[in-house]
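This report is meant for a reader who is meeting the structure for the first time.

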Amino acid sequence: MYKSTIFVVIIAIGLTCYVKIFDETDNSIPTLPDTYWGPADKKSNNDISIKPFKINISNDVISDLNERLDKTRKYIAPLENTAWTYGVSSEYFKNIISYWRNKYDWNKRQALLNKYSQFITTIQGLDIHFYHIKPTTTVYNGKKLKVIPLLLAHGWPGSVVEFQKIIPMLTTPKENVDFIFELIIPSLPGYGFSQGAVRPGLAHAEIAVIFKNLMTRLGFNKFYAQGGDWGSIIVRDMAALYPENVVGAHMNMCMANGLKATFWQFIGLLVPSLVVPKEHAHRVYPLKNHFLRIMEESGYMHLQATKPDTIGLALNESPVSMAVYILEKFSTWTNPEYRFKEDGGLLEKYTMDELLDNVMIYWITNSMTTSMRLYAETFNTNNWGKYDKYPITVPTACAAFIHEVSYSPESVVKFQHTNLIQFNHFDDGGHFAAFEVPHLLSDDIWKFIQKVENNVDK
Ligand SMILES: *[C@@H]1O[C@H](CO)[C@@H](O)[C@H](O)[C@H]1NC(C)=O
């Protein structure tokens, strides 16, 4: 009798502590200001026009690039039989540089990137670049289709280049589906043709504000959003901050942050089945493997979160430096096994041209430093974890690709995503899903939005 009373008291105290410590949900949605990020002397300029834009890089920029590519120094040979396990192999990288210098045809690639219509508009002091693509038709099998605005958000070291293949998959009608997408694909502030802030503070939630303002400026008060990498975090923030505007959010890198999620992932060490279904357990446990991969792949993050301007300056001087740093990610983040291949597996899923298109976006726009500052803004103490606690009440979906760098089980993602209606696992694909497996990602987006639309109609 005495023992069981103690037992009950201990359980009660334990539960109270659990609830007290881990009660991170905060239902009051914060209102973020429309902060002005541009140069002080342009503040009076209230130009809200939307200007058509085409990429048009001068020949001078291209000849300067070629001169730099011609002036490389002697490469240090990789250690014997190490492939890409010490980082990019200089042995193979020579081929990439030679291709870039002699075969890659910028004018042709530029024309391809200009195939879809692009615009620039000034938001909160920054010129924001975006693709705006209307559906190929709005009538299918004699039926009028509902046109649904969908924002696609990229991450680092990606760009709008990643979405080129998925665009037609989302703007062409599908059998037995009565809607179609109108796509808005912005470059993140400080990335590619979108200007970066001139003062500190522009982190992911502040980008969510800018993108929401972009959508409403285009006349879209209700829209869907999709993203990977930073894009998934920005889209998550948009869903949390603007439930009135975001009808649904789809992410291909769902993360569960915060104390409670961390606690449960550790509980999973003892009893995995409490946290993740058996068939997916290998994606997180043994935690050691998961953790080692994150350690191996996240050195860049520490660097960029603390000294973005140092590494930015260094990479910006040489196209080889920039390509090495960027392309390493397209090897190991696509598949960890690729580091054992002599060519880093780069051409398993991508063409050399499309990989270089993405590098070119960083090179020609001089945007490496501004792109990397997003890490510093996010990981500073004011911002870290700030938006993990707001429940996301609008419908959300996660697509978990097998080689994604981090994996959070559905059970812990649900702590924040209180209306998670789809969580699909894929046995193919990695971090750059839109770029690598566009058909899988697009099918998953269609499925999710169909579910939401069916409920909206009811
Ligand atoms: C780029 O600009 C130049 C000079 O203004 C012009 O002659 C050329 O047609 C433009 N090219 C494209 C692809 O728009």
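## Salt bridges

A search of the whole structure, which is a predicted model, finds 20 salt bridges. In general terms, side chains of opposite charge can pair when their charged atoms come close. One of these pairs joins Arg236 to Asp388, with the closest N and O atoms 2.8 Å apart. Arg236 lies in helix 7 (residues 230-241), while Asp388 belongs to the loop between helix 15 (368-379) and strand 10 (396-401), so the pair ties together parts that are 152 residues apart in sequence. Arg236 counts as buried because its relative accessibility is 7%, under the limit of 20%, and Asp388 is also buried, with a relative accessible area of 16%.

Lys51 pairs with Asp47, and here the closest N and O atoms are 3.0 Å apart; Lys51 has a relative accessibility of 37% and counts as partly exposed, as does Asp47 at 29%. The side chains of Lys414 and Glu410 meet in a salt bridge with an N to O distance of 3.8 Å. Lys414, at 42% relative accessibility, is partly exposed, and Glu410 is likewise partly exposed, with a relative accessible area of 30%.

## The nonpolar core

The largest nonpolar core holds 139 residues, and the members that touch the most other members are Trp100, Trp156, Phe181 and Leu327. The largest share of this core comes from helix 14 (residues 352-365), which contributes nine residues.

## Helix 12

Helix 12 covers residues 319-332, and at 1.5 Å a residue its 14 residues should span 20 Å, which agrees with the 20 Å between its end C-alpha atoms.

How many of the 14 residues of helix 12 are buried? The count is 11, so helix 12 is largely enclosed by the rest of the structure.

## The largest pocket

Rolling a probe the size of a water molecule over the atoms shows where empty space is left. The largest pocket found in this model has a volume of about 1,200 Å³, and 43 residues line it. Of these lining residues, Met255, Asn257, Ile294, Trp384 and Ser406 lie nearest the centre of the pocket.

Several helices take part in the lining: the elements that give two or more residues are helix 7, helix 8 (259-270), helix 9 (287-297), helix 10 (299-306) and helix 15. Helix 9 gives the most, with six residues. When the lining is sorted by class, 22 residues are nonpolar, 16 are polar and five are charged.

## Backbone details in the loops

Most residues other than glycine have a negative phi, and most peptide bonds are trans. Against that background, which residues does a cis peptide bond with omega of about -5° join? The residues are Trp156 and Pro157, and Pro157 is placed in the loop between strand 6 (146-153) and helix 5 (167-171).

Asn81 is not a glycine, yet it has a positive phi of about 50°. Asn81 sits in the loop between helix 2 (59-70) and helix 3 (90-102), and it counts as exposed because its relative accessibility is 76%, over the limit of 50%. Gln124, which is not a glycine either, has a positive phi of about 50°. Its place is in the loop between strand 2 (118-123) and strand 3 (126-133), and at 11% relative accessibility Gln124 counts as buried.

Note on methods:
Residues are numbered from 1 along each chain as its sequence is written. This is a predicted model: local features need pLDDT of at least 70, side-chain atom pairs count only at pLDDT 80 or more; totals for chains, interfaces and linings use all residues. Side-chain values use heavy atoms; hydrogens and water are left out. A salt bridge is a side-chain nitrogen of Lys or Arg within 4 Å of a carboxyl oxygen of Asp or Glu. Buried means under 20% relative accessible area, exposed over 50%, partly exposed in between (1.4 Å probe, protein chains only). Helices (H or I, at least four residues) and strands (E, at least two) are DSSP runs, numbered from the N terminus. A nonpolar core is a set of buried Ala, Val, Leu, Ile, Met, Phe, Trp, Tyr and Cys residues joined through side-chain atoms within 4.5 Å. On a 1 Å grid over the protein atoms alone, a cavity is a set of points where a 1.4 Å probe fits but cannot get out, and a pocket is an open set with protein on both sides within 12 Å along at least five of seven lines; lining residues have an atom within 4 Å of a point. Grid points are joined across faces, edges and corners, and a volume is the space filled by probe spheres set on the points. Ala, Val, Leu, Ile, Met, Phe, Trp, Tyr, Cys and Pro count as nonpolar, Asp, Glu, Lys and Arg as charged, and the others, Gly among them, as polar. The expected span of a helix is 1.5 Å times one less than its number of residues.
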